[in-house]
Amino acid sequence: MAAEVTIAAPFLVMLLVFVGVVIHRGVDARIRIDDAAHQAARAASIERTPTAATTAAQSTAASALSSAGVTCASLSVSTSTGGLRPGGTVSVTVSCAVDFGDALILGVPGGKTLSATSIEPVDLWRSTPNTGSET
């Protein structure tokens with residue numbers, strides 16, 4: 001009996017470490033994607049036009065994930081500006097397909113799509129772009 005336990009114990013420990021690393025990768029990716037959504041929503045909320053806000057959100061989310069070391073198989077950034085009116089909100093949803101294949105030397109088949117949404121207020125006292133119709 002002692003011989004079987006001595007032989008099986010290292011494999012069970014390796015299995016637990018393997019599962020722990022995969023779970024850690026998922027939790028870490030979730031935290032990084034939440035942060036990227038927050039940064040993207042903030043960047044979009046300070047822009048003056050909906051087009052600029054959408055562009056800022058996409059570039060900020062990609063940059064935040066890249067600098068955090070999260071590699072997405074596919075990245076989707078959806079921005080809802082609501083016209084960027086003072087007192088309104090900007091909502092950004094970041095979706096990232098995370099691949100767990102490089103988690104360990106053995107590799108883990110598949111991955112998971114994680115997403116996060118963040119909402120930021122547009123400053124109530126901000127100036128609006130001059131459209132030329134006002135005198």
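Buried means under 20% relative accessible area, exposed means over 50%, and partly exposed lies in between, with a 1.4 Å probe and protein chains only. By that rule, buried residues make up 29% of the 135 residues in the protein.

This is a predicted model, where local features need pLDDT of at least 70, side-chain atom pairs count only at pLDDT 80 or more, and totals for chains, interfaces and linings use all residues. Residues are numbered from 1 along each chain as its sequence is written, and side-chain values use heavy atoms, with hydrogens and water left out.

Start with confidence. pLDDT is the predictor's confidence in each residue, from 0 to 100. The protein averages 85, and 85% of the residues score at least 70. Among the elements, α1 has the lowest mean, 87, and α2 the highest, 95.

Next, the fold. Helices (H or I, at least four residues) and strands (E, at least two) are DSSP runs, numbered from the N terminus. The protein has two helices and three strands. From the N terminus, the order is α-α-β-β-β. Contact means heavy atoms within 4.5 Å. Of the contacts with a separation of 6 or more, 63% join residues 24 or more positions apart.

Now the interior. A nonpolar core is a set of buried Ala, Val, Leu, Ile, Met, Phe, Trp, Tyr and Cys residues joined through side-chain atoms within 4.5 Å. The largest such core has 23 residues, and Ile-33, Val-92 and Val-94 touch the most other members. At least two residues each come from α1 (2-45), α2 (50-68), β2 (89-99) and β3 (111-121). Helix α1 supplies the largest share, seven residues. Take Ile-33. Leaving aside neighbours within four places in sequence, Ile-33 contacts Leu-65, Val-94, Cys-96, Val-98, Leu-114, Ser-115 and Ala-116.

Leu-75 gives a view from strand β1. Leu-75 counts as partly exposed because its relative accessible area is 36%. Beyond its neighbours within four places, Leu-75 is in contact with Ala-62, Leu-65, Val-94, Ser-95 and Cys-96. Leu-75 and Ala-62 are 13 residues apart along the chain, and 7.8 Å separates their C-alpha atoms.

Thr-60 sits in helix α2. Not counting residues up to four places away in sequence, Thr-60 touches Gln-39, Ala-40 and Ala-43. Ala-37 is 23 residues from Thr-60 in sequence, with a C-alpha to C-alpha distance of 8.8 Å.

Thr-81 belongs to the loop between β1 (72-80) and β2. Its relative accessibility is 12%, so Thr-81 counts as buried.

Last, the open space. On a 1 Å grid over the protein atoms alone, a pocket is an open set of points with protein on both sides within 12 Å along at least five of seven lines, whereas in a cavity a 1.4 Å probe fits but cannot get out; lining residues have an atom within 4 Å of a point. Grid points are joined across faces, edges and corners, and a volume is the space filled by probe spheres set on the points. The largest pocket has a volume of about 170 Å³. Its lining has 10 residues, and Arg-25, Gly-69, Val-70, Thr-71 and Val-98 lie nearest its centre. Helix α1 and strand β2 each supply at least two lining residues. Helix α1 gives the most, three residues.
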